[in-house]
Amino acid sequence: MLPPQLPGTRTEDQLRMLAYEVTVAEARERERIALGLHDDIGQVLAIVALKLDALRHAGDASDAQERGAQLVQMRELVGQALQATRSATFDLSSPVLQQLGLQAAIESLVPRTERLAGIKVALHGELPALALPQQVQAVVFRVLRELLANMSKHARAREARITLDADAERLLIVLADDGVGFDADRPRVGFGPHGGYGLFSAEAQIQAVGGHLALASAPGRGTRATIVLPLQPAATEAH
């Protein structure tokens, strides 16, 4: 007879399944970024190259005013490529997170979400210095960004609230919105059209670093996502 599984522990099969889920989530994320680079940057630069080639062959025969108009168009296209590059860089790794920490990185998500999604986002609470590896902070930041993106796409929310809290034992981040909600009791099936890939990916990533993501929602009553992560505060220097 097998001994009972202790609370908070995982069997080898569960760990293997979790590792598989994280691997698949990472592969999907790489595919999404690669597609964005191709569509948003590659195609724009290809158009610029064609226009430059056309100008080169036109020579003196080309009307000066027309050449000027084409140069203006190319300048606008290059600007679009630069913006897409910044977005891709932000998706891959937040420079703010690396330089200023998790609090500042989360703060940077607020105006970005408001600008891109038109949703008013309020941020409450501050995080103390945390003895949290950079890789783990990156996971927390990426998951919160994924939850905000999922909310922007599907929640039809007008307002959202991010609450930050931490003590000696755990980090707590809560994202709540006033959107249409969904049936949280309905099983989400992998990557199907109704499976909620973003939520599936977020859950797998948080579990992989020892945390937990809880979702509370109901149709017409908004959604509340809670990230809980065990931690220890950074030790202060002795005087």
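This is a predicted model: local features need pLDDT of at least 70, side-chain atom pairs count only at pLDDT 80 or more; totals for chains, interfaces and linings use all residues.
Student: Why is T226 called buried?

Tutor: The relative accessible area of T226 is 15%. Buried means under 20%, so T226, at 15%, is buried.

Student: What makes L172 a contact of T226?

Tutor: A contact requires heavy atoms within 4.5 Å. T226 touches L172, and also I173, V174, H212, L213 and A214, when residues up to four places away in sequence are not counted. T226 itself is found in strand β5, which covers residues 223-230.

Student: How do you know that the span of helix α4 is close to the one expected?

Tutor: The expected span is 1.5 Å times one less than the number of residues. Helix α4, residues 102-117, has 16 residues, and the expected value is 22 Å.

Student: Which residues of α4 are buried?

Tutor: They are L102, Q103, A104, A105, I106, L109, V110, R112 and T113. Each is called buried because its relative accessible area is under 20%.

Student: How many helices and strands does the protein have?

Tutor: There are six helices and five strands. From the N terminus on, they run α-α-α-α-β-α-β-β-α-β-β.

Notes. Residues are numbered from 1 along each chain as its sequence is written. Side-chain values use heavy atoms; hydrogens and water are left out. Helices (H or I, at least four residues) and strands (E, at least two) are DSSP runs, numbered from the N terminus. Buried means under 20% relative accessible area, exposed over 50%, partly exposed in between (1.4 Å probe, protein chains only).
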